[in-house]
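Open the model in your viewer and follow the selections below in order. Each stop says what to select and what is there.

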Amino acid sequence: MRGAPRFDRAAAAAGVSSQFDQDAASYDRLVGANPGYHEHLRLSARRLDLPDRGAGAVLLDVGCGTGLSTAALLETYPEARIVAVDASAEMLAKAREKAWPDTVRFVHARAEDMTAALAGEGPFDGLLAAYLVRNLPDRDAGVAVLVDHLKPGAPIAVHEYSVADSGYARAVWTAVCWAVIIPLGRRVTGDASLYRYLWRSVLAFDGLARLEQRLRDAGLREVHTRPVDGWQRGIVHTVLGRR
């Protein structure tokens, strides 16, 4: 039944990397059908507001998936070095198939466990987390790990869905999911499980005030939210802060 779902969010989030493994081959094709998807990632990357095209900076992209957020960082900060992390081995395999300069490195690790995988790297000059925080089984612990990997004063951009504060946004999100996203996912992959999870997880996720407070509680300052444009205005947001 459509509407506010009741589901075990933490358990669903713990298993989502295996669902991404299953759908990795078709992921780029599906998100490519979403107007604004790539430009919104670039917008959040630009909002890190790093100088000199990233010259001398080392950036962390957590939840990089097939490398779409990594590409947004690389396009925006071509002089930076980028370390991109994801929990899905198959999504990373698709990312690694693409052409990258030797300034980009991919690491297989869960966000919560990436400290060991990044031994010798960091702290970082900036961090992009696109569609990640919503999928963390323990959001507070995961956000704390992200903050721990930033240099003092370094910026973070959390690029994420949030519709809890708006009945209109929830209605638009549900309508788009059931009219477009879920049917398209089923048609392309033969299984719409990941896209039903997407719908439910967004409805169950923090409102913006709660998400901003999570970031403050983890030690970030100057926390604020900026919108995106297009049909996702009020649905996708860039939440910014500094360590």
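**Helix H2 and its neighbours**

Start in H2 by selecting Phe20, Asp21, Ala24, Ala25 and Tyr27, which meet Ala89, Glu90, Met91 and Lys94 of H5. By class, this contact of H2 with H5 comprises 6 nonpolar and 3 charged residues, with no polar ones. The model is a predicted one. Now show both helices whole: H2 covers residues 16–32 and H5 residues 89–96, and their axes lie 7 Å apart at an angle of about 25 degrees. Angles under 35 degrees count as roughly parallel, so H2 is roughly parallel to H5.

To see the contact, select Val16, Gln19, Phe20, Asp23 and Leu30 on H2, then Ser193, Leu194, Tyr195 and Tyr197 on H9. This contact of H2 with H9 has 6 nonpolar, 2 polar and 1 charged residues.

**The nonpolar cores**

Next, select Leu59, Leu73, Tyr161 and Trp173, the residues with the most contacts inside the largest nonpolar core, which has 51 residues. Helix H9, residues 193–204, supplies the largest share of this core, with 7 residues.

Centre the view on Trp173. Leaving aside residues up to four places away in sequence, Trp173 touches Tyr161, Val163, Ile181, Leu198, Trp199, Val202, Leu203, Trp231 and Ile235.

For the last stop, select Val58, Leu60, Val62 and Leu127: they are among the 31 residues of another core, which lies apart from the largest one.

Terms used: Residues numbered from 1 in each chain as written. Predicted model: local features only at pLDDT ≥ 70, side-chain atom pairs only at ≥ 80, totals over all residues. Heavy atoms only, no water. Core = buried A, V, L, I, M, F, W, Y, C linked by side-chain atoms within 4.5 Å. Buried < 20%, exposed > 50% of the residue type's maximum accessible area, 1.4 Å probe, protein only. Helix = DSSP H or I, 4+ residues; strand = E, 2+ residues; numbered from the N terminus. Contact = heavy atoms within 4.5 Å. Nonpolar A, V, L, I, M, F, W, Y, C, P; charged D, E, K, R; others polar. Axes fitted to C-alpha atoms, helices over the stretch in contact; angles between N-to-C directions. Parallel < 35°, antiparallel > 145°, perpendicular 65-115°, else oblique.
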